[in-house]
Amino acid sequence: MGILEVKNVNKRFGGLQALGDVNLSVAENSCHAIIGPNGAGKSTLLNCLVGKLIPDTGSVLFKGESVLGRTPFEINQMGISRVFQTPEIFGDLTVIENMMIPCFARRDGVFALHGIRSVASEGELRDQAEQMLEDVNMLDKRNMHSASMSRGDKRRLEMAMCLVQKPQLLLLDEPTAGMARADTNNTIDLLKEIKDKRNITIAIIEHDMHVVFSLAERITVLAQGTPLVEDTPENIKGHPKVKEAYLGEAA
Amino acid sequence: MTKGNLTRRGVLKTGAVAGAGLTLPTYLRAQDSGFTNAPTGSTVTLGFNVPQSGPYAEEGADELRAYELAVEHLNGEGDGGMMNTFSSKALKGNGILGKKVEYVTGDTQTKSDAARASAKSMIEKDGAVMITGGSSSGVAVAVQALCQEAGVIFMAGLTHSNDTTGKDKKANGFRHFFNSYMSGAALAPVLAANYGKDRKAYHLTADYNWGYTTEEAVKSSTEAMGWETVGTVLTPLTQTDFSSYITPVLQSDADVLVLNHYGGNMVNSLTNAVQFGLRDRMVNGKQFEIVVPLYSRLMAKGAGENVKGIFGSTNWHWSLQDEGSQAFVKSFGTKYGFPPSQAAHTCYVQALLYADAVERAGSFAPCAVVEALEGFEFDGMGNGPTLYRAEDHQCFKDVLVVKGKENPESEFDLLEIVEVTPVDQVKYAPDHPQFAGGALGTCNNGA
Amino acid sequence: MFGLNRKDATLLAIVAALIVFAPFILNPFPAESGWAQFNAGYPDLMQRFVIFGIFAIGFNILFGLTGYLSFGHAAFLGVGSYAAVWMFKLLSMNVIPAIILAVITAGLFALVIGYVSLRRSGIYFSILTLAFAQMSFALAYSVLTPITGGETGLQLALDDPRILDAAAAGGNIPVPSLFGMEMRDSVDLTFGAWVFTFNFGYYFCGLVMLIAFYLSIRIFRSPFGMMLRAVKSNQQRLNYTGLNPRPYTLAAFVISGMYAGLAGGLMASMDPLAGAERMFWTASGEVVLMTILGGVGTLIGPVLGAGMIKYMENIISKINSDILHTWFAFLPDGLEDVVVGLIYPFIGKGWHLTLGIVFMLVVIFLPGGLVQGGQKIAAVFRRRSANAGGAEAEAAKQNPAE
Amino acid sequence: MDAIILQILNGLDKGSAYALIALGLTLIFGTLGVVNFAHGALFMIGAFCAVTLSRLLSLSHQVAVPGEVDFLGNPKMREVPYAYDIFGENLGATIIDWAVPLSILFAIPVMIGIGVIMERGLIKHFYKRPHADQILVTFGLAIVLQEIIKFYYGANPIPTPAPSAFVGSFDFGALIGFDPGTIIYPYWRLVYFAFAVVIIGAVFAFLQFTTFGMVVRAGMADRETVGLLGINIDKRFTIMFGLAAAVAGLAGVMYTPINSPNYHMGMDFLVLSFVVVVVGGMGSLPGAVLAGFLLGILESFASMREVIAIVPGINQVVIYLVAIIILLTRPRGLMGRKGVMED
């Protein structure tokens, strides 16, 4: 059984069937890509996994436990972290502060009132945060105001914020959208390293096939809210149904 | 223009130059003289604490004019005004006890917090030995309590609630203005004479202390005359449109509407009542009538045409023909170009009464002043022979019943005097139930 | 020092020095001079400066850090004052139990209102808090008169029980005190033409404010403070980082409500009367304005804003035309009248006009509030010293803006 | 039954005032994203337009009345309006009598002018500033406007009556089968309600059916996109501000006969109109109108003696209580859009 099991998930928005009987199983320590044309329901599926949306029917199990009905922060505490399509960081805070917040979340849970202790006295957490920054080559930027960084740096920061939590499952929503080729390759390297060295399961939504085929061990193709195929990258390449889905959209 | 020098405290003039030294401050602590802010130099400072912003700003401005006039007269400038007609001849026009009168002003904003802050700064910073003024009972009660605590005299300005000299009375506080009870007692016979004894009254009452006491006073006096009270409704202070309170009157079988409102509330509720044609109605075969227990000329102006023919009571009116009123109206009118309001009158009189009491006592010490004012009988100040009653520090004098004039000749000529109710008719025992609770305590010199 | 970094410790020391020397600083003019009108160093106003300073510091913990704009904070101040006065009436004139009860009551009140209001954000939150405060005001002014004293306010009376105190001596109501030291006790220092007043109540408030200010620095620098800034910055990210924003904002709301209650309790201790208009929306608006005027989210800004508004209210409003005439008496008669006529609308009863103009000028020219004004002045000095020396300015630049 | 009909009428009337003020406020919120605390002051200035015009029309010179003296003993003077000299006594008197309705013509250009100057001179610079700064600057402006009016007109309410043709009441009762005299309603209040309906209708029609309105509505929904289309949205927003000011001003002009205007009447309405806008839902014009009438009617019912007897003090708090309940059950008010002023 996979670390994440999605069974018969349905979600309707008014008259629109956004997800229809989606089944998905992500194996532990693998990289699973979800691809599909625009409007295929990829983001809706992701939102159902993290508690932003609640499916109408079906079940979502993480490590055998249901995530349905839980709030986003509870789901995160279970071990799922999410990277957004447009980077979501704490723009008013410095980079190191951005990094320390997930560290606190991991150590203290959803709420802890440390009103008197100083942030500066949290040496251990700071070390953790700085270590992670070093891993993503951002240590020199630690005192920068995070809103003033480039988009690429923001994305790296966001990813680092997720990684420092040592999640068991990392959800990535088009992590290379709008990136230059060189940056994309850097990101691919980073993700590979994450998967291999940190034993983190990755589920990724991606348009860029170069990224998908460089990383994924299994691929699910989604079209009009239903999974078409699930298979290894080799078998997905040139699969007639997949071609049809994409070409159909293009036409 | 040299009056109103910025002296802080008279005592410093002589003592300060000597050099550095630690002393107890002149206020809140007894010094050689034994009381707060004792004036030791050649001047004495009075504090005029009036609303300068907010809805009562015009009344405050008129009060301030009256105080400035009073200061002029006390210092021997101008024509002397009521000092010439005042039955006590202790004042000589050379200031108070030979000290030139100076003053400071402040803004109460018609909020008790702001009024107390302003009064405190007069006491603590400017060394005022007496505080006077105000245009609402909430403020008067709050400042009166403060003055009691600080050991200075408080001469209330316009405050009409029974509480000021009832449950919230204080030994250091004095009120010349009349009160809710007196309004009721004076109005009821006139209403009965004009509208008959078989009437059904409906009260709209401002939902705060003054409203409560006024409603109670008017209700009990009119009921004693045989009227029936068919309904009373409390209206929020912040209400501006009273239509939803007035339409139910149409549905009741009341034939008189009593508006226990003051200021902006009164202007709006009266305007609205007239709009709804209440005055043109016939109920129970009688003409429908409206009554406003406490009139203010300044506010009546805001209601315009609507006040015509409506009965109410007032403390004083400039059209009174007695010698004192005439003298005051003349000197006020000469200085400012228009006749004074009742607020101006009561403030002017209070300032003179205080000065006179100090002269007679021979001391600024609050307790001496209190003693001189308690039980003091005087005349020539516009309301006939008047008594400052010792038991509750309330003045007892004639009360005016007025009604809105049908054909006003100027913007100041809005009210006509219907009857001067003699003082005996509005007198009550100090332990009257409407004034129950509270105690004067003892006078406080601030020691 | 006290677990603060050097910069914060310096700030705390400066505030402490300002509090201690306020009687001198606020009375710069000789008591007999024409400018004495501008002296603010008398007990009542100094007490108000620090009390409203506390109120604004607390408000800033909520608004400055989380960005939640409460438009009903005056309700907590009002509740605190009522609680304190009731303590004086029933228990004792000692200020300690009164202040403690004020803080607790305001905290509970804030807990309830905050729990409900924080279900919404943005302007919806503001209007919810406003609605609660207006309801409190309206009820306190009218229906609840037996508990609140209504229009005339809740006052002490001679026949109050005061269980712990001995019977009142004489016919006067006792005054609030701290173990026998009366809040109104004062000592005057005469120094040449200058007079300085040291008031026990003021120093008591000052000490409380120093503690309140210290706590606020600690909160600003704590993980909790960081979380609050994170709430303001990006609630979505906070949620997906495994943190629940609601208890953080509620805690901030309750803490700032307790600060307001503390201010209310102190206010009642300095002047034992609690009036309903303390809870009116204009009073809530005032603390919002104080905070913005001084500088939202800065440590010292709210205190400066509070001082500015209270100074205008108490000093400018007391200048009347006579005083103006004495100032300009040196001018020829005609010119004197012209000058007085020009200034007159802005002082005395026109003090609101001056206040409005100051609001506009500050927000137009100093977007960061008065604190930014201070920084600009400091920058000018730094530039000067930089021209002279050099290295010092470089160090100053490293110091991020407060 | 007749009592209830009367309270509904009262509610519609109060609601008219709330809705008109809230309409302008929400236009400014929606189009410009500005929290305008000076909006109440615009209402107040509108009312003082009426005061000013009626004073201008009744400007007069003095003629001595032979043989009488005033309270100081000087010869008594009688005021004769210039309007009598110009238009003759009859027409002159009619013009003075109709001062309030005539003020509409006077107020429209004045209010649009004030609105445009405010927007160009001040508000424009605050679009990108935090809401806190907007609050401070508009609150400061409101105080300044208010104090200027107080300086020239004093603090007292100034009676500004309706034309004498509108004095008196309309008998509804007779019209719908009740006893005559049970349901009467003052003419001027009916005029006010009708006026409000016309103005609200006109604003909606303007936004719905003109290109200008279409662009503005698009701008309310997505300012940046409209800007990208190369449309000069700023200029249109300036006009919108002028329009909102005019709506508030006209509401003020017509309100003067109902309650005598004073300098702080704007502040009295400010908080209520904010509540109305928010209860209606941010950025929703129909929501603001709906909430205005709803709160007006509820307020009227709560002031009935029978209701107060059951829940004492309900008349003091009903608007706020309803606002809380609505905001808790409907997160964005009655008709609010997601994401407007939620941060």
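Which residue of E8(A) does A:Ala33 stand opposite? In this predicted model, the residue facing A:Ala33 is A:Ile204 in E8(A). The pair belongs to a stretch in which strand E3 (residues 31-35) of chain A and strand E8 (residues 201-205) of chain A run in the parallel sense, paired over 4 bridges.

These two strands are part of an open sheet of chain A, in which 6 strands follow the order E6-E7-E8-E3-E9-E10 with mixed pairing. The edges of the sheet are formed by strand E6 (80-83) and strand E10 (226-231) of chain A, each of which pairs on one side only. Averaged over the sheet, and with direction ignored, neighbouring strands are turned by 15° against each other. Helix H1 (residues 42-50) of chain A packs on this sheet, where it touches E3, E6, strand E7 (169-173), E8 and strand E9 (218-223) of chain A; the direction of H1 makes about 150° with that of E7(A).

Elsewhere in chain A, strand E1 (residues 4-13) and strand E2 (residues 16-26) run antiparallel and are joined by 7 bridges. The two strands form a hairpin with 2 residues between them, and A:Phe13 stands opposite A:Leu16 in E2(A). Within the turn of this hairpin, A:Gly14 has a positive phi of about 60°.

Positive phi values are also found in residues other than glycine, one of them being A:Asn199, with a phi of about 55°. A:Asn199 lies in the loop between helix H6 (181-198) and E8 of chain A, and it is exposed because the number of other C-beta atoms within 10 Å is 11, where 12 or fewer is the criterion for exposure. In chain B, the phi of B:Asn37 is likewise positive, near 55°, and this residue is found in the loop between strand E1 (21-23) and strand E2 (43-50) of chain B. B:Asn37, however, counts as buried, because 31 C-beta neighbours lie inside 10 Å.

Chain A also meets chain C, with 29 residues of chain A in contact with 26 residues of chain C. On the side of chain A that touches chain C, helix H2 (72-78) and helix H3 (95-108) of chain A each supply at least two residues, and H3(A) gives the most, with 5 residues. By residue class, this side of chain A divides into 17 nonpolar, 6 polar and 6 charged residues.

H12(C) is mostly covered, with 12 of its 14 residues buried.

In chain D, D:Ile114 is found in helix H4 (residues 99-121), and it counts as buried because it has 24 C-beta neighbours inside 10 Å. When its neighbours within four places in sequence are left aside, D:Ile114 is in contact with D:Ile45 and D:Ala245. D:Phe178, by contrast, is 64 residues from D:Ile114 in sequence and 47 Å from it in space, C-alpha to C-alpha.

How values were computed:
Residues numbered from 1 in each chain as written. Chains lettered and ligands numbered in written order. Predicted model: local features only at pLDDT ≥ 70, side-chain atom pairs only at ≥ 80, totals over all residues. Contact = placed C-beta atoms within 7 Å. Nonpolar A, V, L, I, M, F, W, Y, C, P; charged D, E, K, R; others polar. Buried ≥ 20, exposed ≤ 12 C-beta atoms within 10 Å, placed from the backbone. Pairing = 2+ DSSP bridges. Axes fitted to C-alpha atoms, helices over the stretch in contact; angles between N-to-C directions.
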